[in-house]
Amino acid sequence: MDKWISMLRCHKISRSFLCMSGNCFVPTSEIIAVEETDLNKKQRNSGKWQKMAKLHAFTVYYVKKAQNHRWRCSDVTFWCVDEQLCNQWIQALKELLELQTRPKQLLVYINPYGGKRQGKRIYEQKVAPLFSLASISTDVFVTERANHAKDNLFEVNINKYDGVVCVGGDGMFSEVMHGLIGRMQKDSGIDQNNPKAPLVQCNIRIGIIPAGSTDCVCYSTVGISDPVTSALHIILGDSQPLDVSSVHHNNTFLKYTVSLLGYGFYGDVLKDSEKKRWMGPMRYDYSGFKTFLSHHCYEGTISFQPAKHTLGSPRDKDSCRTGCHICRQSEQQLAEQRKKCGLKHEEDEEEWKVIKGKFLAINAVNMSCACPRSPKGLSPAAHLADGSADLILVRKCSRFDFLRYLVRHTNQDDQFDFSFVDVYRVKSFQFTSKLLEDNESDVTDIGKKHFGQFCRDHPACCCNIANSTWNCDGETLDSSAIEVRVHCQLMKLFARGIEENHKEAVSNQSRVEQLL
C-alpha cells in the first residue's frame, strides 16, 4: 500500500468490481483525484450486468506517462452493485491522497506578454481544469508590468499558500524566484548585500507552467516544456531542491541566477537581441549570427574556489536525474564540511585558483541549461542541487574553432574536448575585466574613447572591445566586476528532476557498481 494499489488482484474485490479498462495498477503517488461516478445506462455492458438494478462506481484519475517525459491525465472507472463497498473504496483512496504532501492552496502569477502571449489562455484551458479536478484552490494574479509579481510577493500573506506558480518563461520564473527569496531574507533579517551572508532556505515550492520562448529552467528540471506535464507535477506535490547563485558587485547585491550566467558571446547576444524585441523569438537567431561574425574576445581575470565537496566532475557524463545520488551526497558532505570549520573559516582557508587571459565566452551554469535546440545543454553533467556551478572558459580561438564548439551543443559529442575550452566545478568565483583592472575611471567612457572608432570601422574584427555584458538568466548585467557564490539547495521546485529512461538506468547502475 506504500507504493502501489492493486485494484483487482484480491479475489473478493475481483468478484465485486468490474474495471472498464481491465486490470489496473496505479501508484498512489501518481493518483490525481478520486470521484464518485454517476453511470449512464449506455455505459453498462451486456450480459449479467444488464440484470443489475443499480450500479455504483468511482473514477480514479491518474498520471499516464508518454514518451519524452510527457505526462497526461488518464482515468479508469470501477463499478459494483454494493454501494457501501464502493463508498469504502472512495474513502480509503481519498485518505491515502491526504497523506501525500500535496498543495491545497496556490498563488498563481500569469505573464500575459511573455513568449507568444499565450500565458493566460494556456492556464485557463490546460491548467486550471486540472487544478480544479485535484481540488486545489488558487488565487490568480495577472501581471501588468515588469517586476509586478516580485513586488507583490513582498506584500501578500505568503504563509497561507502551499506554493507559488508562475505562468510564463524563464523571465517570469526569475521574477517570482527573486520575490520569494528576497521575502525570506527580509523576514529573517538577512542582508542580501553581504555576499558572504548565509541565506535562509526558501521552503515554499515554485511551480513553472511553461509559456515562454525557451523555458530552459522547466526543460532542465522536468525534461520537457509542456504545460500539462508541469501542472501534473504540481498537483502530485513533487519536490526538487535547486541551487541558486547570488551575484554581487562591490558588496551590492545584483541578481540571483539558477541557469546561465554568461559573459562575452551570450552576453553580447542578449544585449543585441533586446533592441530587436519586435522580431519575436527569431531575434535570438539573428543576434546570435551577428555576434558570431563580430567574434569579440574580452580580457580579464577569473578567480574561483573549486567545489571539493562534490562527487562528480563536469566531464564524467553522469547526468542529474530523479533522486540523484551525487546531489544528495554532495549536499551531505558540504553540510559536514561547514559544520566542522564554519562558513567563514572555510572561505578564508580554501585556496583560490586564478586564471588570466582573453576569452570569447565565460559561462557559469547551475544546471545543464538544456532546451529543445540544445538537448544536452551547455554542461550536460551539471547537477541541480549539489552546491556547485560549472564554470566554462572559452579562450580566444579562430572563428572556425568557435563554430565547432557551438555546434557541439546540438549533438552528442563532448563539447569540452577542445584545447581552448576549460571547465571547472566551483562553489564561488570572481571576475574582473582587464580594462577595470588597469583604469579606475569610468569603463564606458574609456571603451568609447579607445575602442569605439576602431570597432565601427572593423565590425568583424577579433579585438578587445571595452567590456561585454553579463547574461543573467536572460537579463543583462552591465557590471564588469562581479562576485558569484553558489547557495546549496536554496529553493525548491514542484518537480522531481528528469526521470531516467531504461538505457540510462542500466548505464548509471553499471557506473555506480564500478565506483563501488
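**Close-up 1. Burial of strand 17 in the predicted model.** Strand 17 spans residues 421–433; strands (E, at least two residues) and helices (H or I, at least four residues) are DSSP runs numbered from the N terminus. Ten of its 13 residues are buried, so strand 17 is largely enclosed by the rest of the structure. Buried denotes under 20% relative accessible area, exposed over 50%, and partly exposed in between, with a 1.4 Å probe and protein chains only. The model is predicted: local features need pLDDT of at least 70, side-chain atom pairs count only at pLDDT 80 or more, and totals for chains, interfaces and linings use all residues. Residues are numbered from 1 along each chain as its sequence is written, and side-chain values use heavy atoms, with hydrogens and water left out.

**Close-up 2. Pairing of strand 17 with strands 14, 16 and 20****.** Two strands pair if DSSP finds at least two bridges between them. Strand 14 (residues 298–306) pairs with strand 17 in the antiparallel sense through seven bridges, and I302 has F431 of strand 17 as its bridge partner. F431 also stands opposite I482 in strand 20. Strand 20 (residues 481–493) is antiparallel to strand 17, with five bridges. Strand 16 (residues 389–395) runs antiparallel to strand 17 and is joined to it by six bridges; L393 is partnered there by D422 of strand 17.

Close-up 3. Beyond its neighbours within four places in sequence, F265 is in contact (heavy atoms within 4.5 Å) with G288, T291, F292, L360, A361, F402 and L406. F265 and T291 lie 26 residues apart along the chain, with 6.8 Å between their C-alpha atoms.
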